[in-house]
Amino acid sequence: MKGCRIGLWGAFDVDSFGDALVPQVLRRELAARLPGAEFRLAAPFGSLRPTPRDGGEPAEPFGPWSPERAAELANGLDCIVIAGVDLLSPERFFLEPRGPNAEHRCPVVWWGVSVGSDPAPDVAERLRAAAAGVDSISARDRASRRRLQEAGIQQEVAVVPDVAVLAPRLYAPDLRSRRLDLLRALGWYPESASPMLIEASAERTRYVEPLAVAIAGLLEHRPEVSVVVADLGSPGDTACADALTDRLASTFPGANVTRLPADVGLEDVAAAICSCAAFVGPPTSAALVAFAAGRPQVVLCMEGAPELAGLPEVDEDRTWIVRLPEDIEGCLLKAVEAGGGLEAGAAPGTEAAVAKQVDTELDRLAELIAGASRVRSKTEGLPSAARLEELTERLRLLEVAYEARSRNHARERMIFAEQLNSAAEEIESLTNQIIEMREEYRRQVEYLQSHAKSESAAKARVESELELLRATKTLRYTAAVRSAYGRLRGLRPPPAD
Amino acid sequence: LTVVNVPEGRPLVSVVMVTYGGRRWVGPALDALAEHTAVPYELIVVDNASADDTPQLLGSLAGATVIFNDRNIGFGAGCNQGVLHAVGRYVCLLNSDAVVEPGWLEPLVEALENDPRVGAAVPRLLHLDGTLQEAAGVVGMEATTRALGDGESAEDPQYRFRRFVDYGSAACMLIRRSAYLRVGGFDPAYPMGYCEDVDLCFALADLGLRTVYEPRSRVRHVRWGSSSRRQADRMVFANQPILLARWGDRLAARPSFRQIPPPERRLNQARDADCVDRILVVTEAAWAGSPVAPRPAAIATEIQRGLPEARVTLLAGGATSSLEIEALLEGGVEVAVQDDWSTWLQRRRFHYSVVILTGPGSHQRFEALLSANQPQAARIYDLPDPLQPGAGNEAALAWADSVLCASPDGLAFASAGAPQTPAFLLAGPSVDPTALWRGLAHAGLAPSPEHRAGSQAGRTA
């Protein structure tokens with residue numbers, strides 16, 4: 001719907017793969033459903049702390065919360081979508097996005113939000129109060145939904161998988177292939193076979209040792225496997241990646257290990273994950289990208305069950321959830337073996353179903369926004385008389401211009417036809433001239449040939465007469481006299497004898 | 001060596017420079033950047049394992065992000081690597097042998113700030129001796145590229161008007177970071193360098209983003225500063241087939257550049273290939289000094305404003321002294337200053353869709369030339385005021401498809417002299433856009449909706 005204005009608010013300024021991915025996917029998906037939609041992105045720091053992963057369009061900073069600032073951000077919007085945030089964060093704009101002074105009370109949506117821990121009573125009270133002004137709520141996992149319900153929120157709370165499952169759609173295969181070429185050129189991705197990609201996570205640093213031992217064990221069996229240690233940019237990830245890389249180097253010196261540094265863009269991470277033979281990491285957005293791309297994966301859940309929506313519905317043929325460190329090696333082997341038989345990028349049935357679930361929720365969100373936009377259009381009133389007059393005038397000009405342009409085209413065709421005819425006439429005239437010149441040439445040749453023939457006959461006659469003359473007695477008998485005369489004149493050599 | 005002007009706050013522009021040898025020019029390029037850049041920027045340098053002492057120079061660079069690669073990964077990949085570190089709204093790809101001039105960056109930034117349809121902006125590239133190196137480029141049917149104006153005077157008006165272009169050299173290109181990321185940066189299919197900038201601009205165009213040539217920005221560029229002509233030719237030769245395979249459909253309707261060098265008329269055809277509307281405004285010297293002398297310039301400027309995708313050319317038949325050429329060029333109007341109009345018009349045969357004759361004597365002087373070379377164009381006559389007897393106005397009325405009249409007397413004269421020809425009052429030296437577009441509609445021209453919205457906003461302000 002042309003002209004929809006959507007406020008997209010969240011922690012998009014956090015330089016991590018998952019947080020940076022949310023606005024990119026939502027913008028793409030909503031824009032596809034609401035063509036011409038305009039987005040106003042806002043985040044706690046936004047453009048005050050731009051990051052290379054902000055897609056080149058950093059969000060607007062919230063600034064300190066005040067009724068005026070909240071109204072300023074909300075005014076003119078058809079809907080505010082607060083996406084992917086933890087509602088326990090101290091950011092007030094997530095709970096009171098419109099403020100009391102907003103001119104138009106546009107709908108507010110909590111999309112894929114989480115509640116990181118059981119809220120204290122006063123926090124629960126704040127959540128309840130905030131939810132009263134929210135038109136649609138979805139949580140990213142079942143634990144968050146439970147906490148919201150336990151806080152006394154009466155509305156329906158849907159559980160919607162993380163939009164990371166749509167990342168393979170955001171980055172087209174051609175673009176992913178190009179980015180992989182770049183990663184290879186930079187030495188950040190193996191040149192040949194698809195590697196096993198391991199997400200180094202700060203939260204899993206304590207498991208570096210068993211992970212390194214497990215990988216070394218795998219490499220004992222499958223020395224051809226290459227390993228990529230990916231650092232996705234969250235705080236502490238680099239230290240974890242360093243530790244894992246060092247440990248691998250010391251545990252299995254011949255290992256083919258590559259580092260994917262935190263510098264890479266979202267599309268690079270997506271490309272690397274979508275083309276890996278197997279993914280190993282915690283249940284985060286990266287794991288969901290691997291899940292959506294149908295990559296075999298080992299989910300490291302040593303500290304509890306997977307919390308991210310989508311992962312509970314895993315296909316056991318491609319996903320192995322590890323709860324005990326000693327199980328890692330076996331799962332790695334299974335994942336690598338499964339990866340050898342899978343075409344990169346193919347999303348099998350379960351994953352496609354999860355993506356469809358997100359699509360359905362997005363369709364619902366788009367309908368809500370479109371409806372709000374229609375309401376706003378009505379509230380703002382019908383076009384004024386002056387506007388109608390302008391539109392009428394513009395329409396009239398377009399009609400005149402269309403007619404004139406059609407006339408011009410007709411004239412152009414006529415002029416080009418004339419030029420063509422003129423050229424054709426010239427060609428015909430030149431052709432006739434050529435025919436005439438050929439005829440003239442033929443005549444000249446005939447004349448010259450006949451002339452040459454008569455000349456030749458005349459010559460033959462003269463030569464014949466000369467022969468007859470030479471054969472007369474007079475010439476024979478006077479030969480000696482003529483010879484002597486010739487010698488006297490120096491005209492003839494003496495006889496040879 | 002210290003690069004200053006790295007703000008504590010957010011840089012608006014991330015300058016990405018890839019170095020590969022060519023130490024001789026890296027220093028002057030960085031010095032000029034530091035000296036002539038007033039816009040907040042950050043500098044990211046990617047060194048592709050230079051064999052000379054460029055790394056030592058870069059090692060002493062303060063206030064910049066410097067990345068040292070252990071091998072030459074090529075220009076495109078180097079730029080992509082640099083952009084991974086960029087946080088500016090715009091990325092400026094700047095060659096290490098490009099020496100920027102004062103005020104180089106502001107016009108490029110303006111071009112992107114003022115028009116969301118612009119994805120990239122390129123400057124006027126000069127040789128070191130000050131002659132023109134490239135007023136952006138054009139692409140022929142065979143994916144052959146040509147730099148416009150190479151070796152000619154950099155001040156020639158035909159190379160100094162702002163316009164949308166096929167591509168500009170990545171020697172210096174300002175591009176929206178969001179757009180760069182959306183197209184995936186330079187395509188590594190073009191190894192080492194050359195043609196990847198054309199590919200990038202075409203990819204931007206696929207997203208609806210145009211590349212604009214901004215001649216107010218001037219950058220001196222040492223060609224092949226880090227390679228040689230032979231190497232460059234070899235790389236271009238290797239990369240053109242890739243370009244053709246990818247964009248052949250887009251280029252199919254372009255003129256052929258097989259003839260080397262391509263004739264000027266073909267370069268013009270390629271330059272204006274995407275301009276559906278091409279308007280030629282013709283004015284005459286006799287108008288110089290008259291109170292309505294600025295009128296043709298005002299008409300040309302308003303048309304260009306209303307149809308930014310169109311090519312508007314003002315043919316100034318000796319009347320340049322009465323025209324504010326610089327304002328016209330900045331407004332995107334091509335100003336043609338010539339001695340030999342016959343040849344000039346022949347080279348643009350059948351090129352224009354609309355011809356507007358303005359000023360007394362213009363019809364007498366140009367009618368025959370226009371009829372011979374632009375017979376297909378819609379014809380508008382701008383009837384001068386005051387009406388001068390013997391100025392050929394009667395013949396001009398008979399020639400025209402529609403008439404613009406500078407006064408009510410003129411309107412009465414036109415209505416009486418050519419009652420079948422639509423005539424419109426367009427009073428004064430400055431033109432009223434509404435009245436002008438009313439008249440232009442009869443030549444098939446209507447302003448873009450964006451222009452209408454802009455005019456409305458201007459009136460409100």
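Okay, let's start with helix α8 of chain B, residues 264-271. Which of its residues are buried? Those are Leu267(B), Asn268(B), Ala270(B) and Arg271(B). They span an arc of only 165° around the axis, so they sit on the same side of α8(B). One thing to keep in mind throughout: this is a predicted model.

Now hop over to chain A, because helix α4, residues 142-150, lets us ask about both of its sides. Buried here are Ala143(A), Ser144(A), Arg147(A) and Leu148(A). Their arc around the axis is only 135°, which again puts them on the same side of α4(A). Turn to the other side of α4(A) and you'll find Arg142(A) and Glu150(A), which are exposed. And what covers the buried residues? The cover includes β5 (108-113), α3 (121-131), β6 (136-139) and β7 (157-159) of chain A.

Next up, the sheet. In chain A, 6 strands make an open sheet with parallel pairing, and the order is β10-β9-β8-β11-β12-β13. Why do β10 and β13 have one side without a neighbour in the sheet? Because β10 (256-260) and β13 (319-322) of chain A stand at the edges, where each has a single partner strand. Going from one strand to the next, the twist averages 20°.

Let's zoom in on one pair. Strand β8 (residues 196-200) and strand β9 (residues 226-231) of chain A run in the parallel sense and pair over 5 bridges.

How many does the structure hold over all chains? The total is 64. Here are two inside helices of chain A. In helix α12 (residues 349-379), Arg364(A) and Glu361(A) lie 3 residues apart, about one turn of the helix. Their closest N and O atoms are 3.2 Å apart. Arg364(A) counts as partly exposed because its relative accessibility is 48%, while Glu361(A), at 15%, counts as buried.

The other one is in helix α13 (residues 385-470) of chain A, where Glu446(A) and Arg442(A) are 4 residues apart, about one turn of the helix. Here the closest N and O atoms are 2.4 Å apart. Glu446(A) has 44% relative accessibility and is partly exposed, and Arg442(A), at 36%, is partly exposed too.

For chain B, look at Arg124(B) and Glu155(B), whose side chains meet in a salt bridge at 3.5 Å, N to O. This pair links distant parts of the chain, 31 residues apart: Arg124(B) is in strand β6 (residues 118-126), and Glu155(B) is in the loop between β9 (145-147) and β10 (163-165). Arg124(B) is buried at 6% relative accessibility, whereas Glu155(B) is partly exposed at 41%. Both belong to a network of salt bridges that also includes Glu101(B) and Arg160(B).

Last stop, where the two chains meet. Chain A brings 42 residues to the contact and chain B brings 43 residues. Together they bury about 3,500 Å², with 54% of that on carbon and sulfur atoms. On the chain A side, Arg178(A), Arg394(A) and Arg411(A) lose the most area to chain B, together 18% of what that side buries. The count between the chains is 4 salt bridges.

Technical notes. Residues are numbered from 1 along each chain as its sequence is written. Chains are lettered from A and ligands numbered from 1 in the order in which they are written. This is a predicted model: local features need pLDDT of at least 70, side-chain atom pairs count only at pLDDT 80 or more; totals for chains, interfaces and linings use all residues. Side-chain values use heavy atoms; hydrogens and water are left out. Two strands pair if DSSP finds at least two bridges between them. Axes are lines fitted to C-alpha atoms, for helices over the stretch in contact, and angles run from 0 to 180 degrees between N-to-C directions. Buried means under 20% relative accessible area, exposed over 50%, partly exposed in between (1.4 Å probe, protein chains only). The arc is that of the directions from the helix axis to the C-beta atoms. Contact means heavy atoms within 4.5 Å. Buried area is the accessible area (1.4 Å probe) that two parts lose on being put together, summed over both.
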